Amino acid sequence: MTTALHLEEITPDNFDAAIGLKVRPDQEHLVAPVVKSLAEAYVYPGTAWPRLIVDGDRPVGFLMAFFDIDFAGDGTNNDIRSGLWRLNIAAGEQGRGYGRFAVESVAAEIRRRGGTRLTASWHPGEDGPESFYLGLGFRLTGEMSGDQRVGELEL
């Protein structure tokens, strides 16, 4: 990982690079493709925060965060959360700290907005990213979001 690591908004200039990012074939069942995330960002513009992860001038990943959503989805707004919605690190770029950078960047943005916890969810199982998230300090909440485990990181 270099010191030129940064996030970029998705624009017409980097759109093709963003949708061209692919995880390893054995991970495709674990995370939606970037193009689906960008479609969701279009549908939820006040909630979704899609960003390209760039090292120097080389796209290496994609993240999408969410801010201030009714996590329970019951309309009561008793459980408002912010967190990491998607994380796609390109197949040849994994294991270089880009995922950690992505989580730290989302945490910084949540803090900037006044938040104190980062929520993420992931597919359970040996081939899933649970060890990555737990290694960053996430704790399991005991909740499920669909078929995904929910974890939180106190900020």
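This is a predicted model: local features need pLDDT of at least 70, side-chain atom pairs count only at pLDDT 80 or more; totals for chains, interfaces and linings use all residues.
Colleague: Is S37 buried or exposed?

Modeller: S37 is found in helix 2, which spans residues 34-43. Residues count as buried when their relative accessible area is under 20%. The value for S37 is 0%, so S37 is buried.

Colleague: Which residues does S37 touch, leaving aside those up to four places away in sequence?

Modeller: Contact means heavy atoms within 4.5 Å. With residues up to four places away in sequence left out, S37 touches F62, M64 and R86.

Colleague: Why is strand 4 described as largely enclosed by the rest of the structure?

Modeller: Strand 4 covers residues 80-89, ten residues in total. The description holds because the number of buried residues among these ten is eight.

Colleague: Which residue of strand 5 is the bridge partner of G83?

Modeller: On one side of the pairing, strand 3 (residues 58-70) and strand 4 are antiparallel over eight bridges, and there G83 of strand 4 is the partner of F66. Strand 4 also runs parallel to strand 5 (residues 117-122), joined by two bridges. In strand 5, the partner of G83 is T119.

Colleague: Which helix belongs to the right-handed β-α-β unit with strand 4 and strand 5?

Modeller: The two strands of this unit pair in parallel. The helix in the unit spans residues 98-112 and is helix 3.

Technical notes: Residues are numbered from 1 along each chain as its sequence is written. Side-chain values use heavy atoms; hydrogens and water are left out. Helices (H or I, at least four residues) and strands (E, at least two) are DSSP runs, numbered from the N terminus. Buried means under 20% relative accessible area, exposed over 50%, partly exposed in between (1.4 Å probe, protein chains only). Two strands pair if DSSP finds at least two bridges between them. A crossover is right-handed if, with the strands pointing away from the viewer, the path from the first strand over the helix to the second runs clockwise.
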